[in-house]
Every structure is written in C-alpha cells, then in structure tokens.
Amino acid sequence: RRGVDAGESLLRVSQLAMRHGQLVEAQTLCGQAVDVFGYFGLGHALAKAHRFHAKIAFALGNPEQAMRSLREAQRTAQTHHDSGEALRSGFMRADLLVSQMKFTQAIELASQLIAQPDCAHNPLLAARATLVVAWAHYAQGAYPLATALGRYTLADGKVHADDTPVPVLDPGRGRTKTARLWVYVRDDRPC
C-alpha cells in the first residue's frame, strides 16, 4: 500500500507542476512515479503514469519520447491484463500519429484496435475508434490538397502574410495562452 501512496503522491505533484507550467519538474516527478509503480508491480497505475509522461513529453515538444511512453503504457496494460487500458493507450498513439501526419499508420493501428473483442463491448472505445479512423481518412484525403494550395500560394513573387494572435485554452493550467494564426495571400497583380 505504501508503494501505491508514494506513486500516487508523486503523480499528483507532477500534475500540479504541469498545471503551473513547470514541465521539466513534472517530467522528473512523473518518471519517479513510473519507477515506484514499476518496482511494486502496479500495472494499472504504471500504465496511467506512462500516459501522463507521454502528455508531458508532447507538451515539451518531444513526440518521439511521447510515442515511446504510449507504447510502454500499452505494453504494460497488456502485460497486466487490463485490455481497456491497452485500448485507451492505443487510441492515444493513433491520435498522435494523425497529428504527425502519419495517416496510414494511424488507420492501421486504429483498425487493429477496433478488431479487438474488448472494443466491441465498450461503446465509448468503439466510438473513439471510429472517430480516429474517420479523422485519419479525412486528413489523408485533404493533405494533398493543402500541399498543392500551399505550393500555389508561395510560387508567386509576392506573398502577403498576416499574424493574428488568438487566445486558446491551455489544458491543465486553468487559463489561456496565445496561439497564432498565419494567413498567406498570393498577389498576382503585376508589379
């Protein structure tokens, strides 16, 4: 029981550090929670800690480390016979693959997860799987159009750009941060 309490405390402090924007400290604390859960063989908690570690790594701009943590969460959940946890980790990996424009891999992964019997028994996971596959197919179809449009816009000698700051919600921190929208316009008029 002490292992559970120690690991949970480390994970809570890690989440608190992330909310306050201290990502490196959050990553260190989460890594310690992973070590504690691993030492005591607490599979469900270990998978949860790996998923949170992936979230931190992604926030730090390290998608490779995030993918490794998600794979580890999925492996841990499968090892400890928690198939629902394995499916959730798998869908998080599929979402990450879509965000990295690796559409074919995301579709294959989500399709494999949909084929698992546990997905059929859980309507929330089945809906999530369907959404991931649909989003990946949409993004895969739109990507060539977006690429061609970008090439057309930037091909001419004159391009105008506009930077618009937009407030967006900053998950886990309880406030907004500033995102930027960049709009490019091609000018075909003669000089």
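1. The model is predicted, so local features need pLDDT of at least 70 and side-chain atom pairs count only at pLDDT 80 or more, while totals for chains, interfaces and linings use all residues. Residues are numbered from 1 along each chain as its sequence is written, and side-chain values use heavy atoms, leaving out hydrogens and water.

2. **Its partner.** Lysine 48 meets glutamate 8 in a side-chain salt bridge, at 3.8 Å from N to O. Glutamate 8 sits in helix α1 and lysine 48 in helix α3, so the pair ties together parts 40 residues apart in sequence. A salt bridge here is a side-chain nitrogen of Lys or Arg within 4 Å of a carboxyl oxygen of Asp or Glu. Glutamate 8 also counts as partly exposed, because its relative accessibility is 22%. Side chains of opposite charge can pair when their charged atoms come close.

3. **The other salt bridge.** The structure holds two salt bridges. Besides the pair above, aspartate 163 bonds in this way with arginine 180, and their closest N and O atoms are 3.3 Å apart. Aspartate 163 belongs to strand β1 and arginine 180 to strand β2 (residues 175–186), so this pair ties together parts 17 residues apart in sequence. Aspartate 163 is partly exposed at 31% relative accessibility. Arginine 180 is partly exposed too, at 48%.

4. **Overall layout.** How many helices and strands does the chain have? There are eight helices and two strands. Their order along the sequence is α-α-α-α-α-α-α-α-β-β. Both kinds of element are DSSP runs numbered from the N terminus: helices are H or I with at least four residues, strands are E with at least two.

5. **Chain totals.** The chain has 191 residues, and 34% of them are buried. Take the contacts with a separation of 6 or more: 53% of them join residues 24 or more positions apart. Contact means heavy atoms within 4.5 Å. The accessible surface of the chain is about 11700 Å², with 59% of it on carbon and sulfur atoms. These areas come from the Shrake-Rupley method with a 1.4 Å probe; for residues, only the protein chains shown count as cover.

6. The largest nonpolar core has 16 residues, and Leu11, Phe37, Phe52 and Ile56 have the most contacts inside it. At least two of its residues come from each of α1 (2–19), α2 (23–40) and α3 (43–59). Helix α2 gives the most, with seven residues. A second, separate core has 11 residues, including Met67, Leu113, Val132 and Val133. Such a core is a set of buried Ala, Val, Leu, Ile, Met, Phe, Trp, Tyr and Cys residues joined through side-chain atoms within 4.5 Å.

7. **Histidine 53.** Setting aside neighbours within four places in sequence, histidine 53 touches Gln27, Cys30, Gly31, Gln65 and Ser69.

8. **Threonine 164.** This residue lies in strand β1 (residues 159–170). Its relative accessible area is 30%, so threonine 164 is partly exposed. Beyond neighbours within four places in sequence, threonine 164 is in contact with Ala179, Arg180 and Leu181. Alanine 179 is 15 residues away in sequence, and the C-alpha to C-alpha distance is 8.4 Å. The side chain of threonine 164 also makes a 2.9 Å polar contact with that of aspartate 162. A polar contact is a pair of N or O atoms within 3.5 Å; within protein, one must be able to donate a hydrogen and the other to accept it, and residues adjacent in sequence count only if both atoms are side-chain atoms.

9. Glycine 157 is in the loop between α8 (123–155) and β1. With a relative accessible area of 74%, glycine 157 is exposed. Aspartate 187 is 30 residues from glycine 157 in sequence, yet 8.0 Å away in space, C-alpha to C-alpha.

10. **A surface patch.** Leu154, Val159, Trp182 and Tyr184 form a nonpolar surface patch, with about 440 Å² of accessible area together. Patch residues have over 30% relative accessible area and no salt bridge; like charges are joined within 9 Å, and nonpolar side chains (Val, Leu, Ile, Met, Phe, Trp, Tyr) within 5 Å. Valine 159 lies in strand β1 and is partly exposed, with a relative accessible area of 33%.

Terms used: Buried means under 20% relative accessible area, exposed over 50%, partly exposed in between (1.4 Å probe, protein chains only).
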